Amino acid sequence: MKKLLLIAVSLSLFISTSCVREDHYDNSRQGTFEALWKIMDEHYCFFDYKKQEIGVDWDEVHTRYAAQVNENMSSVQLFEVLSNMLGELQDGHVNISAGFDLGRNWSFFEDYPENYNDSIARLYLGHNYQIASGLEYIILDDNIGYVRCQTFEEGVGDGNVSVMLNYLATCRGIIIDVRNNGGGQLTKAHTLASHFTNEKLLVGYISHKTGPGHNDFSHPEPEHLDPASDGIRWQKPVVVLTNRHVYSAANDFVKCMKRCPQATIMGDQTGGGSGMPFNSELPNGWSIRYSAVIIYDHQMNHTEFGIQPDIPLSMSGADIAQKKDTYIETARKYLSMDK
C-alpha cells in the first residue's frame with residue numbers, strides 16, 4: 001500500500017505547496033478508483049453548488065463509474081475512467097496527472113470563443129514597451145496606458161506596480177489586459193488590485209473544509225483588500241479586459257477590481273475557479289488536484305463559474321481582418337470619453 005498525500009496549492013492552474021494529511025489505500029485498479037472517489041467525497045468543496053447548478057450527484061457518479069473499473073483494464077483505460085469521472089464536476093482546478101497525460105476539464109474556456117489574439121494584441125505594445133516583473137506596459141498614441149498582465153506567477157510587488165503607475169501617470173486612463181491569465185498567486189493579484197483603491201474594501205469571504213461531510217465548512221471569514229500602503233495609488237479610470245481564460249487568481253483579481261470605484265470590467269465572462277486547490281497522490285502514484293476551500297465574492301455569491309463584465313464584448317471579425325483588437329479599441333474610446 002502507498003500513502004495518500006494531500007497537499008495545499010496556490011490558486012492557479014498548476015502549482016503545489018504545503019502538506020495537510022495522509023491516509024492509506026489499496027494499490028489496485030478498484031482501490032485506486034475508491035481512493036480517488038473518497039478523497040473527492042471528503043475534501044472537494046463544491047458538491048452542493050455543482051449539484052444545484054449542473055446536477056452532479058456524487059453518489060450516482062460512484063455507481064456509474066465503479067461499474068467501468070476492473071482489474072484487467074490497462075493503466076490508460078483506468079486513467080480515462082478516472083478522468084471522465086472528475087470531468088463531471090466541470091472544475092478547471094480538478095485534474096489527474098500521470099506520466100503520459102493530464103486528465104482535465106477545461107471547458108470553461110475551450111467551449112467558448114477565445115476573444116484574444118496574441119499577435120494582434122502585441123501590436124499595441126510594439127517593440128519599446130516597458131517591463132516591470134510580469135507587467136508589460138506602454139503609453140498609446142491617444143494618451144491611454146496599456147498594461148498586459150499574462151500571469152500572477154511572476155513577482156508582482158508594490159515597487160513594480162508603483163514604477164509602472166508612475167510611468168503612466170500622465171495618461172487619461174489605463175487598460176489592464178488580463179485575458180488568458182490562468183492565475184498564479186493570490187497575493188500577487190491582490191497586490192496589483194490594492195493600487196486602485198484608497199480605502200479598505202470587503203471583496204469576499206473564505207470558508208474552509210472542517211470535516212468529511214459535504215456541508216462541513218468553517219464560518220465564512222471576511223476577505224478584505226487593503227489599499228497599497230507603499231507606493232502609488234491610481235486615481236483615474238481603469239478598464240480591465242477579460243475573457244473566458246481568466247481563471248483562478250486572475251478571476252479573484254477581477255473580483256477585487258469590481259469593488260474598486262474607478263474600475264470598469266470589459267469583455268467576456270471570466271472562466272471562474274474560485275476554489276483554492278489542494279493536491280494528493282493516489283495509491284498508484286498518480287497525482288490529483290481538487291478545489292478544497294471556497295472563496296466567495298463580497299455578497300457571498302460563488303464565482304466558481306465566472307464573473308460577468310460591466311460591459312460585454314466580443315472580438316469583431318472585421319477588426320481582426322484589419323489587425324485591430326476590438327477590446328482594446330473599445331476600452332480606448334471608453335477612457336477617452338468625458339465622464
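Two strands count as paired where DSSP finds at least two bridges between them. Helices (H or I, at least four residues) and strands (E, at least two) are DSSP runs numbered from the N terminus. The model is predicted: local features need pLDDT of at least 70, side-chain atom pairs need pLDDT 80 or more, and totals for chains, interfaces and linings use all residues. Residues are numbered from 1 along each chain as its sequence is written, and side-chain values use heavy atoms, without hydrogens or water.

**View A. Seven strands form an open sheet with mixed pairing.**
The strand order is E5-E6-E7-E8-E11-E12-E15. Strand E5 (130–132) and strand E15 (311–312) are the edges, and each pairs on one side only. E5 runs antiparallel to strand E6 (residues 135–139), and three bridges join the two. In this pairing, Ile131 sits opposite Glu136 of E6. Helix H7 (residues 158–167) packs on the sheet. H7 touches E5, E6, strand E7 (144–149) and strand E8 (173–177), where contact means heavy atoms within 4.5 Å. The directions of H7 and E6 make an angle of about 10° (axes are lines fitted to C-alpha atoms, for helices over the stretch in contact; angles run from 0 to 180 degrees between N-to-C directions).

Asp325 caps the N-terminal end of the helix. A side-chain oxygen of Asp325 lies 2.9 Å from the backbone nitrogen of Tyr327 (a polar contact is a pair of N or O atoms within 3.5 Å; within protein, one must be able to donate a hydrogen and the other to accept it, and residues adjacent in sequence count only if both atoms are side-chain atoms).

**View C. Arg332 joins H11 to the loop between E6 and E7.**
Asp141, Asp142, Glu329 and Arg332 are linked in a network of salt bridges (a side-chain nitrogen of Lys or Arg within 4 Å of a carboxyl oxygen of Asp or Glu). The side chains of Arg332 and Asp141 meet at 2.8 Å, N to O. Arg332 is buried, with a relative accessible area of 11%. Asp141 is exposed, at 76% relative accessibility. Arg332 also meets Asp142 in a salt bridge, again with N to O at 2.8 Å. Asp142 is in the loop between E6 and E7, so this pair ties together parts 190 residues apart in sequence. Asp142 is partly exposed, with a relative accessible area of 24%.

**View D. Glu88 and Arg64 form a salt bridge.**
This pair belongs to a structure in which 16 salt bridges are found. The N to O distance between the side chains of Glu88 and Arg64 is 2.9 Å. Glu88 lies in the loop between helix H4 (75–87) and strand E3 (95–98). Arg64 lies in helix H3 (residues 58–66), 24 residues away in the chain. Both ends are partly exposed: Glu88 has a relative accessible area of 22%, and Arg64 has 33%.

**View E. Cysteines stand without a disulfide.**
The count of disulfides is zero (a disulfide is a pair of cysteine sulfur atoms within 2.5 Å). For Cys45, the nearest cysteine sulfur is that of Cys256, 18 Å away. Cys45 is buried at 4% relative accessibility. The sulfur of Cys260 has its closest cysteine sulfur in Cys256, at 7.2 Å, which is too far for a bond. Cys260 is buried too, at 3% relative accessibility.

**View F. Gln90 has a positive phi, and so does Met300.**
Most residues other than glycine have a negative phi. Phi of Gln90 is near 50°. Gln90 sits in the loop between H4 and E3, and is partly exposed at 37% relative accessibility. Phi of Met300 is near 65°. Met300 sits in the loop between strand E14 (287–297) and E15, and is partly exposed at 34% relative accessibility.

Notes: Buried < 20%, exposed > 50% of the residue type's maximum accessible area, 1.4 Å probe, protein only.
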